[in-house]
Amino acid sequence: MKVELIENKSAFKEFEKVSSNIYRNNLYYRGTESSVEKMLLNSKSAFQKHAKILKFIVRDGNDLVARFALIQDFKLKNYVQVSYFEAQKGLGDIFSVIKNEIYKYFPDAKNVVVGLNAHLNYGAGILLNRFDEVPLFGLPYNPDYYADYFKDLTPRKMVTYRFGMDAYSAWAQTYNAGKIDGLTLRFMNKQKIKEESAIYTQLNNLSFQKHPFWANRDDAEDLELFYPFRFLLDDENLVFAEVKGKPVGFFLWYPDFNELVSTHRDLNILDVIKHRMGKLTKTYRFTEIGIVPEYQGTSVAMAMLNKALPIMHERNYETCEGGFIFEENLASIALVKRMMKRSYGYEPEPYRQFAVFETKL
């Protein structure tokens, strides 16, 4: 196998071609994350101002058989990330091929993480189960053999939980955890998206300092990330909690936009029109909840969830899937299990499972 460094925009088409070849006959793959991928890898994105990004394709003779990006975020400088990995089946020890490029271009690297795509906010994880289902919008999807390529590395697993809205909704409306003096709740204002995105970034950085693989964000990065989806998101998709006017938490959720697409393509203007004309999805994604340390473990979380609940009723969502939680994040898993046990009378089992893979060099 021969590895080639991709150094110009025209060659990026070959990088993309690897993916299209792999998923050509796959009924479940959706290409709705491609706009984020292009933003990061094929342009001068805000993230690139503090990162080194190299893109590679792998050939076996004349055949394109694999691709990957090597990323070092200088805010997470102890790691080289193997990102946007795609590969045909049966390539043998592909990780040794990747390591050779790490040694060549990042000679001081000490740690490698496979499956982290530049930052947790852009996507992370190699799918470990449910390969015969269309992925939820924003969650990774890949063939069932990918994890085998990294079986000798240490997995850091993540899970989601999926549940119906009926019993949860009935319980949530009766839940009373006590009031917090000065607590107010509001939806974002898209007309002030720059200011609102900056608050979101601030709360991310305050809330996730102890989260695995966290690196602080810049305002410009999150604003850039919201941009491709600005016509699909509503004010109600981002809830802010404030105490005496000071932001202390946020809850981000959105419809499963993959339900708008039935092929491998990315979202387009026709999907926006369908969405705005009333084509509703059956599922929404509980994407992210962040609370500053001093209010973690309080009723702020449920207050934000209940703020959005009437909108979810109005849009007749049947199912929620959320979490994407690292297994060692016991507090978040306990919260989900506690909510579900009180709603349904039993603790839920994880629905989708993912992993990033670590090793030392």
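This is a predicted model: local features need pLDDT of at least 70, side-chain atom pairs count only at pLDDT 80 or more; totals for chains, interfaces and linings use all residues.
Helices and strands are here DSSP runs, numbered from the N terminus.

**The nonpolar core.** Begin by selecting I98, F150 and Y168. Within the largest nonpolar core, which holds 124 residues, these three touch the most other members. Next, colour residues 300–314, helix α8, which gives the most to this core, with 9 residues. In soluble globular proteins, nonpolar side chains tend to be buried together.

Keep Y168 selected and display its surroundings. Apart from neighbours within four places in sequence, Y168 is in contact with F163, L305, L309, M339, M340, S343 and Y344.

**Helices α4 and α8.** The crossing of α4 past α8 is left-handed. To view the contact itself, show M165, Y168, S169, W171 and A172 on α4, together with M302, L305, N306, L309, M312 and H313 on α8. By type, the residues of this contact comprise 8 nonpolar, 3 polar and no charged.

Move to R315, which is located in the loop between α8 and β12 (319–326). Is R315 buried or exposed? Its relative accessibility is 15%, and buried means under 20%, so R315 counts as buried. Leaving out neighbours within four places in sequence, select D234, E236, N237, W253 and L280 to see the residues in contact with R315.

**Helices α5 and α6.** Select residues 193–207 for α5 and residues 219–226 for α6; their axes come within 9 Å and cross at roughly 120 degrees. This crossing of α5 and α6 is right-handed. On α5, display I193, K194, S197, A198, Y200 and T201, which meet D219, D222, L223 and F226 on α6. The residues of the α5 contact with α6 divide into 5 nonpolar, 2 polar and 3 charged.

**S19 in helix α1.** Finally, go to residues 12–22, helix α1, where S19 is placed. With 8% relative accessibility, S19 counts as buried. Which residues are in contact with S19, leaving aside neighbours within four places in sequence? They are Y29, R67 and E86.

Note on methods: Residues are numbered from 1 along each chain as its sequence is written. Side-chain values use heavy atoms; hydrogens and water are left out. Axes are lines fitted to C-alpha atoms, for helices over the stretch in contact, and angles run from 0 to 180 degrees between N-to-C directions. Helices (H or I, at least four residues) and strands (E, at least two) are DSSP runs, numbered from the N terminus. A crossing is left-handed if the near helix is turned anticlockwise from the far one by less than a right angle, and right-handed if clockwise. Contact means heavy atoms within 4.5 Å. Ala, Val, Leu, Ile, Met, Phe, Trp, Tyr, Cys and Pro count as nonpolar, Asp, Glu, Lys and Arg as charged, and the others, Gly among them, as polar. A nonpolar core is a set of buried Ala, Val, Leu, Ile, Met, Phe, Trp, Tyr and Cys residues joined through side-chain atoms within 4.5 Å. Buried means under 20% relative accessible area, exposed over 50%, partly exposed in between (1.4 Å probe, protein chains only).
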